[in-house]
Amino acid sequence: MSRIGKKPVELPKGVTAEIKGQTIEVKGPKGARSFTATDDVDLVLEDGSVAVKPRGLSKRARQQWGMTRSMVENLTVGVSTGFKKELEIQGVGYRANMQGKDLKLALGYSHDVIFEVPEGVTVSAPKQTEIVVEGMDQQLVGQVAANIREWRKPEPYKGKGIRYKGEFVFRKEGKKK
């Protein structure tokens, strides 16, 4: 039995769900998102919540059960509150600022890095050493944050680079004479 799959997904205030076959469309204050489930599960809308039930006891049906429930929950959270990833920049001369819709990063290269922000995500730089990535799609928000971090991962000797807020970077001791 799936512990995650058994729980119904409660719809918060202001969020509505509509099921057509295997597709669920969720609408909320931030917008609308949809997800198409596999044929291994059934989606049922019952008094303000969405329940996911497996069709049979096959291994695939049980796998899809919990995954589908998590996807539906991510849809409801995305259209009601949204997702957010915070990055921080450490290093002398390393900074970020917005240039129109693009993110301009000074990361110690001979040139500035211009990061084009994809559609569906908003990126802001409240301080020169902070970047905030927000959006409705959890996967897209995480991928954009990872792409920004990829430009200069935190290095273990001085700790310079772009890291997630609260991320621990294991520090190494340098060479000894």
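Two strands count as paired here if DSSP finds at least two bridges between them. Keep that in mind for the first pair. One more thing before we start: this is a predicted model.

So, strand 7 and strand 12. Strand 7 covers residues 83–90, and strand 12 covers residues 130–135. They run antiparallel, and 6 bridges join them. Take one position. Glu88 has Glu130 as its bridge partner, and Glu130 sits in strand 12.

Let me step back to the domains. The protein divides into domain 1, 9–81, and domain 2, 83–164. There is also a record to set beside this. UniProt, in an unreviewed entry, lists residues 12–82 and 91–164 under "domain: Large ribosomal subunit protein uL6 alpha-beta". Take the two listed stretches in turn. Residues 12–82 are 31% helix and 41% strand, and the end C-alpha atoms are 13 Å apart. Residues 91–164 are 18% helix and 36% strand, with end C-alpha atoms 14 Å apart.

How do the two domains meet? Their C-alpha centres lie 32 Å apart. On the domain 1 side, 9 residues make contact; on the domain 2 side, 4 residues do. About 510 Å² is buried between domain 1 and domain 2. Carbon and sulfur atoms give 59% of that area.

Asn74 is in helix 2. Setting aside neighbours within four places in sequence, Asn74 is in contact with Phe83 and Gln138. Asn74 and Gln138 are 64 residues apart along the chain, yet their C-alpha atoms are separated by 7.1 Å. Is Asn74 buried, exposed or partly exposed? Partly exposed, with a relative accessible area of 23%.

Stay in helix 2 for Arg69. Helix 2 covers residues 59–80, and Arg69 is found there. Why does Arg69 count as buried? Because its relative accessibility is 7%, and the cut-off for buried is under 20%. Its contacts, leaving out residues up to four places away in sequence, are Ile4, Gly5, Lys7, Pro8, Val9 and Val52.

Strand 5, residues 41–46, and strand 6, residues 49–54, pair in the antiparallel sense over 6 bridges. Glu46 stands opposite Ser49 in strand 6. The two strands form a hairpin with 2 residues between them. In the turn, Asp47 has a positive phi of about 25°.

That is the tour. Questions, please.

Terms used. Residues numbered from 1 in each chain as written. Predicted model: local features only at pLDDT ≥ 70, side-chain atom pairs only at ≥ 80, totals over all residues. Heavy atoms only, no water. Helix = DSSP H or I, 4+ residues; strand = E, 2+ residues; numbered from the N terminus. Buried < 20%, exposed > 50% of the residue type's maximum accessible area, 1.4 Å probe, protein only. Contact = heavy atoms within 4.5 Å. UniProt positions renumbered as here; feature names shortened; annotations may be inferred. Domains from an automatic or database assignment. Buried area = accessible area lost by both parts, 1.4 Å probe.
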